[in-house]
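Try each task before you read its solution.

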Amino acid sequence: MIVERNVPLQPLNSFGIAARAAVLVRVRGEADVRAVRADAELGAQPTFVLGGGSNIVLTGDVKPVVLKVEVPGRRVVGETARHVIVEAGAGENWHDFVTWTLDQGLPGLENLALIPGTVGASPVQNIGAYGVELQDRFHELDAIDLLTGEVFTLGAAQCGFGYRDSVFKRAAAAPGDLGLAGRALILRVRFALPKDWQPVLGYLDIERRMEEEGVAHPSARQLYDWIVAIRRAKLPDPAVIGNAGSFFKNPTVTP
Ligand SMILES: Cc1cc2nc3c(=O)[nH]c(=O)nc-3n(C[C@H](O)[C@H](O)[C@H](O)COP(=O)(O)OP(=O)(O)OC[C@H]3O[C@@H](n4cnc5c(N)ncnc54)[C@H](O)[C@@H]3O)c2cc1C
């Protein structure tokens, strides 16, 4: 376990807010989390899990022990009759992972291209864009309980996905509730990518591109390229203007 002290967090959050972590531990696997728990000094302190820092607003120096998630790895782990199962370490960059799946000839995540952040944070708010949400492609995940050090696996039903919501954002309201806010560090996520892939269309921006380029049936790579271009044109690049994405959710209206 490598423990860093008085670490500047400015390069580790997309807003570029200047703040410091009293202690930061880079987590490359469950052993690092267990080492923190077993440490006489750190084990008793509260923790804060940090991915790519693209969905947080720091309001000052961070006193809890920062667990910077850097679990690596991406691989095809199996298949079912209808899906190919791929796994990525929580520290992998989300967009690089999406690009890698397409490079493997495995479509399904293209509508989620260019969302900043890490794979490990993607289930936390059930990331979504252009008609696809993480839950549509989710298989299961491995996480470690920050209190007990136990590693456990959750399927979609147990993750309680909702619109930009999951069990990882909810505190347990009553004994027996599976509220995991502040309690779980996601280590690896597995995705079920459809063998019988169909493009998810229906967004005005995408329909415009289809019309402009005279393409009625875009490939996954074509959709990916369009979505990357649309996002680059619409959203400020955090590397140029610090930001943490949208502060707002779309309103949900009844039919
Ligand atoms: C320009 C811009 C555009 C964006 N567009 C979209 C969009 O289209 N759709 C969308 O859904 N979101 C969007 N976002 C939000 C952001 O990309 C997502 O919320 C992303 O999943 C955050 O990932 P991160 O690794 O940066 O998480 P962080 O900001 O580091 O963390 C976010 C939360 O997740 C927790 N967390 C992080 N990693 C783990 C882990 N391994 N285990 C447990 N908890 C963890 C943290 O404790 C924190 O509470 C956008 C953000 C920006 C800046």
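**Exercise 1. Find the residues that Asp145 touches, then place Asp145 in the fold.**

Step 1. Skip the neighbours within four places in sequence; Asp145 is then in contact with Arg37, Glu150, Phe152 and Arg183. Contact here means heavy atoms within 4.5 Å.

Step 2. Before going on, a word on the ground rules: this is a predicted model, in which local features need pLDDT of at least 70 and side-chain atom pairs count only at pLDDT 80 or more, while totals for chains, interfaces and linings use all residues. Residues are numbered from 1 along each chain as its sequence is written, and side-chain values use heavy atoms, with hydrogens and water left out.

Step 3. Asp145 belongs to strand 9, residues 138–145. Helices (H or I, at least four residues) and strands (E, at least two) are DSSP runs, numbered from the N terminus.

Step 4. The relative accessibility of Asp145 is 9%, so Asp145 counts as buried. The cut-offs are under 20% relative accessible area for buried and over 50% for exposed, with partly exposed in between (1.4 Å probe, protein chains only).

Step 5. Now look across to Val33: 112 residues separate Asp145 and Val33 in sequence, and their C-alpha atoms are 9.2 Å apart in space.

**Exercise 2. Work out which residues of helix 1 are buried, and what they pack against.**

Step 1. Helix 1 spans residues 30–38, and its buried residues are Asp32, Val33 and Val36.

Step 2. These residues cover an arc of only 100° around the axis, which puts them on the same side of helix 1. The arc is that of the directions from the helix axis to the C-beta atoms.

Step 3. On the other side of helix 1, Ala31 and Ala38 are exposed.

Step 4. The packing partners of the buried residues are strand 2 (20–27), strand 4 (65–69), strand 9 and strand 11 (184–194).

**Exercise 3. Repeat the analysis for helix 5: which residues are buried?**

Step 1. In helix 5, residues 204–213, the buried residues are Asp205, Ile206 and Met210.

Step 2. Their arc around the axis is only 140°, so they lie on the same side of helix 5.

Step 3. Turned away from that buried side is a face with the exposed residues Leu204, Glu211 and Glu212.

Step 4. Helix 6 (220–234) is what the buried residues of helix 5 pack against.

**Exercise 4. Is Cys159 buried or exposed?**

Step 1. Locate Cys159 in helix 4, residues 156–159.

Step 2. Its relative accessible area is 0%, so Cys159 is buried.

Step 3. Beyond the neighbours within four places in sequence, Cys159 is in contact with Phe138, Leu141, Leu154, Ser166, Val167, Phe168 and Arg170.

Step 4. Val77 lies 82 residues from Cys159 along the chain, and their C-alpha atoms are separated by 21 Å.

**Exercise 5. Step back and describe the whole protein chain.**

Step 1. Count the elements: there are six helices and 11 strands.

Step 2. The radius of gyration is 19 Å, close to the 18 Å that the globule rule gives for 255 residues, so the chain is as compact as a globular protein of that length. The radius is taken over C-alpha atoms, and the rule is 2.2 Å times the number of residues to the power 0.38.

Step 3. Of the 255 residues in the protein chain, 45% are buried.
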